[in-house]
Amino acid sequence: MELEYDYIIIGSGSAGSVVANRLSADKDSRVLVLESGRNDNNLWLKLPIGYFRSIYDSRFSRAFGTEPSEGDGFRGIAWPRGRVVGGSSSINGLIFIRGQHDDYNDWAVQGADQWSFNDVLPHFKELECYAGGESDYRGTQGELHVSDLRNQNPACAVWLAAAQEYGLPFNPDFNADTTFGVGAYQLSIGKRFRASAATAFLKPVLHRSNFTLKTGAHVSRIIIDQGRAVGVEWLANGERMSARATNEVILSAGAIQSPQVLQLSGIGPAHLLKRYGIDVVVDSPEVGENLQDHYQMRMVVKLKEKLSLNDDVRHPLKLAKMGLDWILAGKGPLTVGAGQVGGAACTRHAINNRPDIQFNVMPLSVDKPGLPLHKYSGFTSSVWQCRPQSRGSVAIQSSDVYQQPLISPNYLSTQLDRDVMVEAIRILRQIHDQPSFKALWDTEMVPGMDKQTDEQILESIRQGGGTVFHPVGTCRMGSDERAVVDPELRVRGVDGLRVIDASVMPSITSANTNAPTLMIGHKGAAMMQHNSRHRFA
C-alpha cells in the first residue's frame with residue numbers, strides 16, 4: 001500500500017528542518033521528510049571545530065565538482081554539501097550572520113514582494129535564541145542557539161586593532177544595525193555543541209506521531225499529475241519507493257539539487273529536458289540559472305611568535321587545555337567555527353558606502369580543511385566580494401539521478417568582480433601593515449609579496465581562490481513570469497509544489513548564507529500555515 005502524507009519535504013537541511021518543525025506542529029498534518037544521507041550522530045558533527053574534519057568527509061558530505069573556468073585558473077572547485085541529517089548546517093563553519101539589511105531590500109526591488117528587511121526581521125528573531133540578550137534586532141525565544149565568540153586569541157585581537165587603525169570602526173554585533181566595521185563573529189553553538197538545523201528544529205519533534213523522517217532516501221523525481229505535484233519517488237537500498245502528498249510537496253534540497261530534482265521531474269528548460277528524454281511538464285528556462293557563490297581569497301602570514309593554533313595543536317599541554325576548556329566551560333579553540341573575527345569594508349567600487357567585501361580571520365593556516373595545519377605559525381585573513389555580478393548555472397547531464405549536474409559558477413567573469421577582489425587583497429595588505437599587526441609577522445606566505453601588480457594579484461586569486469560554500473539562486477524567486485517560484489515560493493506552472501531553500505534567493509546575501517536560509521525556511525512555513533488557515537476558515 002502506498003504511503004500517504006499531507007506534506008512531503010525533500011531535504012532535512014537548514015530550511016527543510018525548520019519547515020518540518022513548523023508544519024508538524026499541527027497534529028492533524030502528517031509530515032514526511034526525505035533525507036538522502038545518514039543520521040548525524042558522529043561526534044565530529046557535534047563538536048564545533050569538527051567542521052574541519054567533516055566538511056570533506058564522504059560519510060557526511062557529497063563533494064560536487066564545478067566546471068573549470070578562467071576565473072578559477074581552470075582548476076574546477078570542490079563544493080561539499082551536507083549529505084546527513086541537518087544537511088550543510090551539520091558540516092558548515094557555524095558563522096551566524098544575516099547579511100546587510102539592503103540584501104533583502106534588494107530582493108523586494110527585484111520582485112520578491114514581502115521579502116524586504118523589515119519583512120524578514122521578525123522571522124530571524126523568532127528562530128534564534130541569542131545568548132547576548134533580546135533587542136530590536138535579536139531574538140531569545142527561538143530554538144537555534146547563537147553564541148558570541150568564546151575563544152580569545154591575542155593575534156586576532158591585534159588584527160582587530162590594526163583594522164581600526166586602518167579606519168574601520170569596531171562593530172559589536174554584525175546582526176544588528178549594520179555589518180560595516182570589524183569585530184568578533186557569532187556562532188550557532190549551544191552550551192558546548194553545534195546547534196545545527198537538525199538539533200534545533202528536527203530532533204526535538206521526532207517524537208511527534210504525525211512526523212516521519214526517512215534517511216537514505218535519494219529522491220529521483222516529484223510525481224506530477226495533471227499539473228499538480230501529488231507525490232515523490234525515491235531510491236533506498238536499490239529499491240524504488242514512493243509516497244503521496246495530499247497537500248503539498250516542499251523541495252528543500254539546496255541550490256544544486258533542488259534545480260536538479262525539478263529538471264528530472266520535467267520542470268526546467270525544455271531543450272535540456274528533451275536532450276535527456278525527460279517529458280516536459282513545464283518549460284521553465286531559469287531553473288538552474290542565476291547561480292551565485294562567494295569566491296574567497298586567503299592571505300596567509302607567518303607570525304614571529306607562537307600565537308597560532310598551528311603551534312598549539314602540536315603542544316601536548318596546550319592541546320590538553322583546549323579539551324579541558326571545552327569540557328569544563330564550553331569555551332576555547334574547540335568552540336570556534338570557520339572564522340573568529342572579521343567584518344565588512346568598502347572598496348573604491350562600493351556604491352553609497354555599502355560594504356562590498358567581507359573579511360574572515362583565523363589564527364591558523366592550512367591548505368584545505370581536513371589536511372594538517374601548516375608547520376609554521378600561520379595566520380589567515382581571507383576576503384570575498386559581497387555581491388558578485390558573475391552568474392552561473394546548474395544543469396543535469398543525464399536522466400541518471402545519481403549523476404551530479406553540470407555546475408558552472410563562472411567565477412570572476414565580470415570586470416567588476418575582478419577589480420573588487422584585487423583591491424580587497426590590497427586592503428588586507430594595508431591592514432597587515434598597520435603598526436600593531438605589522439609587529440607580529442615577518443613573511444607573507446600567500447599570495448606572497450612578489451605578487452604586486454594587478455595582473456599578478458589577479459592571477460594569484462584565480463589560482464589560489466575558492467568557494468566559501470555559499471551557492472544560491474538557482475530557483476529564483478520573483479514576480480515576473482520567468483521566475484521559477486513566486487514570492488510565496490510556489491513553483492510556477494505546477495500546483496502543490498514549493499521550493500524553500502537558498503536556491504530561491506534572487507541575489508546572494510553579502511555574508512554567510514546559513515542564517516538567511518534558516519529564515520527562508522521559517523518564513524516559507526509561515527506563509528504555508530497562513531494560507532492553510534485562510535483556505536479552511
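Mentor: We will go from the overall fold to single residues.

Trainee: What should I know about the model before I start?
Mentor: The model is predicted, so local features need pLDDT of at least 70 and side-chain atom pairs count only at pLDDT 80 or more, while totals for chains, interfaces and linings use all residues. Residues are numbered from 1 along each chain as its sequence is written, and side-chain values use heavy atoms, with hydrogens and water left out.

Trainee: How many helices and strands are there in the protein?
Mentor: Helices (H or I, at least four residues) and strands (E, at least two) are DSSP runs, numbered from the N terminus. The protein has 14 helices and 22 strands.

Trainee: Which share of the residues is buried?
Mentor: Buried means under 20% relative accessible area, exposed over 50%, and partly exposed in between (1.4 Å probe, protein chains only). Here buried residues make up 62% of the 537.

Trainee: How do I read contacts in the protein?
Mentor: A contact means heavy atoms within 4.5 Å. Among contacts with a separation of 6 or more, 70% join residues 24 or more positions apart.

Trainee: Which residues touch the most other members of the largest nonpolar core?
Mentor: In soluble globular proteins, nonpolar side chains tend to be buried together. A nonpolar core is a set of buried Ala, Val, Leu, Ile, Met, Phe, Trp, Tyr and Cys residues joined through side-chain atoms within 4.5 Å. In the largest one, with 75 residues, they are Trp115, Ile222 and Leu262. Helix H14 (residues 514-536) gives the most to this core, seven residues. A second, separate core has 43 residues, including Met297, Ile357, Val383 and Val394.

Trainee: What does Ile222 touch?
Mentor: Leaving out residues up to four places away in sequence, its partners include Ile10, Val249, Leu262 and Leu497.

Trainee: Is Arg498 buried or exposed?
Mentor: Arg498 counts as buried because its relative accessibility is 3%. Arg498 is in strand S22 (residues 497-499). Beyond four places in sequence, Arg498 touches Glu248 and Glu488, among others.

Trainee: Where is Leu273 placed?
Mentor: Leu273 belongs to helix H8 (residues 270-275), and its relative accessible area of 0% makes it buried.

Trainee: Where is Pro388?
Mentor: Pro388 is in the loop between strand S17 (378-385) and strand S18 (393-395). Pro388 counts as buried because its relative accessibility is 9%. With neighbours within four places set aside, Pro388 is in contact with Asp293, His294, Asp417 and Ile508. Gly190, 198 residues away in sequence, is 33 Å from Pro388, C-alpha to C-alpha.

Trainee: Which residues of helix H3 are buried?
Mentor: In helix H3 (residues 101-109), His101, Asp103, Tyr104 and Trp107 are buried. Just after H3, Gly111 takes a positive phi of about 105°.
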